[in-house]
There are 2 protein chains.
Amino acid sequence: MKIAVDAMGSDHYPRPDVEGAVAAAGMYGVEVILVGDEARIHTVLEPLKATGRSIRVVHAPEMLTMDDKGLALALKAKRKEPRTSMAVGIDLVKHGEAQAFVTAGNTGAAVATAYFRIGTMAGVERPALAPVFPTRTGTCVVLDIGANPDCKPENLVQFAVMGAVYAERVRGVKHPRVALLSNGEEAGKGNTLVRETHKQLLTSGLNYLGNVEPKELMAGRADVVLTDGFTGNILLKASEAVASLIFETVRDKIQSASALAKLGGLLVRPTLRSVAQLLNPSEEGAAPLLGIDGLVFIGHGRSDALAIQNAVRVAKLAVEADVLNSIRAEIGHRLPSRA
Amino acid sequence: MKIAVDAMGSDHYPRPDVEGAVAAAGMYGVEVILVGDEARIHTVLEPLKATGRSIRVVHAPEMLTMDDKGLALALKAKRKEPRTSMAVGIDLVKHGEAQAFVTAGNTGAAVATAYFRIGTMAGVERPALAPVFPTRTGTCVVLDIGANPDCKPENLVQFAVMGAVYAERVRGVKHPRVALLSNGEEAGKGNTLVRETHKQLLTSGLNYLGNVEPKELMAGRADVVLTDGFTGNILLKASEAVASLIFETVRDKIQSASALAKLGGLLVRPTLRSVAQLLNPSEEGAAPLLGIDGLVFIGHGRSDALAIQNAVRVAKLAVEADVLNSIRAEIGHRLPSRA
């Protein structure tokens, strides 16, 4: 199995990207193709003495950054000859030379490059970014969290089918419980998008529970939660921001507290760390961009080597589970008029 | 000054509602009018021995509950003769017999009752529920967090003017910094609603900063943050849910940890409690429903007596600040074509 990894993706590229990819190659028995500036990749790669047959480097002379957006980004993404590390890596997937592509780069740039170079699969109009959220009892796949700020009910129904397949095949959840993120649990709650989508989901044949609020999501009441990319992004970022606010405030308060409280802080530090760890995106590594006719995983810009390594692990699981063909089949089966 | 309080509002009505109102009357020198089932109110009131001139009871034979919604709710809210505690209390404001109404009841029921019985002020199409969020550096007014799941750009511009007046007059913030909640800070980020609203806010004359993500909101970068009622509700509930998830997980982990970590947990408990307290809605008590042509405050169903007491305190501040006339004047000044 071959997994292409964007060496120029993370905020501190290429070190975390290359180190994580090398660790994954050693640990998960996959061949990793590092894509990016060859010279810079080798600077990190050589001291690791990892240039065996499981690591290859494919040169890409350019890279996309946080500054790439709008029309200029679309033009770069569409350019026939691939020059950016994302375009080169995604073309490897398109041409069957890699089974998946992993990047920790600009999410919008990765979505645009995947959308324009590979496109969506039959029956899927828009792709959805589908990360895993921690819950009280396990995890939950939430989609879309940022690929499409404006969605129609049809998009959310397609997300539902894709998310359910992903939860079942990759996360190992039998008959995944699908729910719609809303501002109230009762049917009839929600904005226009949620109310319309609710009606369509009732007849989708999925294991559809109805609406959930964030509280139920985090209590583990559903395995797949649907939302438009704008609300999903606010949900994700609010969750991260509140967690940071709490951990930073606790740390500050303990530091300025009595000697006894400081001692207490030292004693509970491993416990607090383990809770922070639960909410750490490094554990999952990256989220799949479902609906693209090829496997693309997008990680956080803050990804460290462990996050990249985990992203390759999750990509490998998705390849092994044949998730693309399963989604194609389910879309054809559940939404035949569209496929 | 007279403040009407819904005695039938909170989940555990009428005890927290009556006890909180009585405490507020004693502490803030206002006359409190308790509205609801007279017999039930007196059961709580009599042991408190508080029936002086600062507490009055106005009977309402019915109440609205979480089951009241949709068309049936609208019909009850519109009914000419006021029978529910919300309708009786809101009519006291409408007829000038109270300067504000406070309820911890069903938010949708309170919004509908206020909207149909008093209506919005000139130039304001939809009201907005505007609670205060804790931030690293203080607080931030966020609106709308639930009155209108679907908003137009014009609604958000009206919310901006109202939120800025409220922050300045009631929260004491000079030249409040106004921002738009979005999935990215750069102009051009956001869904269609955010992008259109951004254009209108640029020419509003307000101290408008542009977009903020939840991280910047919680870092204290803005004093007023605008969002539609659906996204705002998800933001609020996700924040509450993540905070609960963290505190419960920390508690569970400490309980099942080593004896030393348990000792540490005891020593840091006051610190953890003080952080949880920062995120506790009881501190603010209730959020104003801005845009209604009268002062209405809506608190959490879980409100305890302290929350009700604080809600009366905040309502008193709003009356003293003459916030209604200030909003009327600002709407007329900033959005003259609408007023």
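## Sheet of chain A

Two strands are taken to pair if DSSP finds at least two bridges between them. On this basis, in what is a predicted model, five strands of chain A form an open sheet in the order 6-7-10-8-9, with mixed pairing. Strand 6 (132-134) and strand 9 (208-212) of chain A stand at the edges, each with a single partner strand, so one side of each is left without a neighbour in the sheet. Direction ignored, neighbouring strands of this sheet are turned by 30° against each other on average.

Within this sheet, strand 7 (residues 139-143) and strand 10 (residues 224-226) of chain A run parallel and are joined by three bridges. V142(A) has V225(A), in strand 10 of chain A, as its bridge partner. In general, strands of a sheet pair through backbone hydrogen bonds, either parallel or antiparallel.

S10(A) lies in the loop between strand 1 (2-6) and helix 1 (15-28) of chain A. With a relative accessible area of 1%, S10(A) falls under the 20% limit and is therefore buried.

Leaving aside residues up to four places away in sequence, S10(A) touches P16(A), D17(A), A104(A), G301(A) and S303(A). The C-alpha atoms of S10(A) and S54(A) are 22 Å apart in space, and the two residues are 44 apart in sequence.

## Interface of chains A and B

The contact between the two chains involves 52 residues of chain A and 52 residues of chain B. Chain A and chain B bury about 4,500 Å² between them, of which 73% is on carbon and sulfur atoms. In chain A, the residues that lose the most area to chain B are R136(A), F230(A) and L245(A), which together account for 14% of what that side buries.

Eight salt bridges are counted between chain A and chain B. In one salt bridge, the side chain of E213(A) meets that of K237(B), at 2.7 Å from N to O. Across the interface of chain A and chain B, eight residue pairs are found in polar contact, both residues being at pLDDT 80 or more. On the side of chain A that touches chain B, at least two residues each are supplied by helix 7 (192-202), helix 8 (214-219), helix 9 (229-255) and helix 10 (259-278) of chain A. Helix 9 of chain A gives the most to this side, with 20 residues.

Note on methods:
Residues numbered from 1 in each chain as written. Chains lettered and ligands numbered in written order. Predicted model: local features only at pLDDT ≥ 70, side-chain atom pairs only at ≥ 80, totals over all residues. Heavy atoms only, no water. Helix = DSSP H or I, 4+ residues; strand = E, 2+ residues; numbered from the N terminus. Buried < 20%, exposed > 50% of the residue type's maximum accessible area, 1.4 Å probe, protein only. Contact = heavy atoms within 4.5 Å. Axes fitted to C-alpha atoms, helices over the stretch in contact; angles between N-to-C directions. Buried area = accessible area lost by both parts, 1.4 Å probe. Salt bridge = Lys/Arg side-chain N within 4 Å of Asp/Glu carboxyl O. Polar contact = N/O pair within 3.5 Å; in protein donor to acceptor, adjacent residues only side chain to side chain.
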